[in-house]
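Dear colleague,

I am passing on the structure we spoke about, and my notes follow below it. Please read them with the model open beside you.

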Amino acid sequence: METTKHRFSELSWPQLGLLIGGDGLVFIIFALLGRSSHGLSDEQPLLAAVRVAWPFFVGWLLVAPWTGVLRQHPPLRMIGLSLGTWLVALPVGLLLRWFQLGRSSPFSFALVTFLTVAALLIIWRGGYSWWMMRRTTS
């Protein structure tokens with residue numbers, strides 16, 4: 001590992017697992033917030049949230065390797081890459097959701113989904129990147 005830039009951009013397997021696990025949690029939190037805002041309650045709210053979240057998380061995982069978002073970047077770059085990745089992954093997730101439900105989603109749902117997940121990704125990935133940057137430079 002010769003340069004700081006090279007060392008900073010590569011993630012170990014545990015770091016990658018943490019990043020992807022946090023991404024999964026973002027989509028679960030999105031689903032829990034959505035279900036709660038609509039007053040939906042189930043005996044197993046986590047299972048219901050997973051059912052809502054999985055198409056979007058799978059869409060994210062399908063797009064993420066191609067955008068460089070699964071590497072370590074400085075916080076602002078990580079946020080920009082994450083938002084760009086989400087912009088591409090959202091239609092993939094909506095398509096998977098369409099297959100799951102057998103019907104399309106209204107535009108308002110897509111817009112709220114985009115904005116909510118974008119905000120959560122900014123918080124999660126920006127914070128993660130900032131923390132990793134502090135760890136590698138100290």
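How far apart do the axes of α4 and helix α5 come, and at what angle do they cross? The axes of α4 and α5 (residues 107-137) come within 9 Å and cross at roughly 145 degrees, where axes are lines fitted to C-alpha atoms, for helices over the stretch in contact, and angles run from 0 to 180 degrees between N-to-C directions. Helices here are DSSP runs (H or I, at least four residues), numbered from the N terminus.

This is a predicted model, in which local features need pLDDT of at least 70 and side-chain atom pairs count only at pLDDT 80 or more, while totals for chains, interfaces and linings use all residues. Residues are numbered from 1 along each chain as its sequence is written, and side-chain values use heavy atoms, with hydrogens and water left out.

Helix α2 (residues 13-37) packs against helix α3 (residues 45-67) at an angle of about 130 degrees, their axes being 8 Å apart. Among the residues that meet there are Phe27 and Leu32 in α2, and Phe56 and Trp60 in α3, contact meaning heavy atoms within 4.5 Å.

Arg97 lies in helix α4 (residues 75-101) and is buried, with a relative accessible area of 14% (buried means under 20% relative accessible area, exposed over 50%, partly exposed in between, with a 1.4 Å probe and protein chains only). Not counting residues up to four places away in sequence, Arg97 touches Pro55, Phe56, Gly102, Arg103, Ser105 and Phe109.

How values were computed:
Helices (H or I, at least four residues) and strands (E, at least two) are DSSP runs, numbered from the N terminus.
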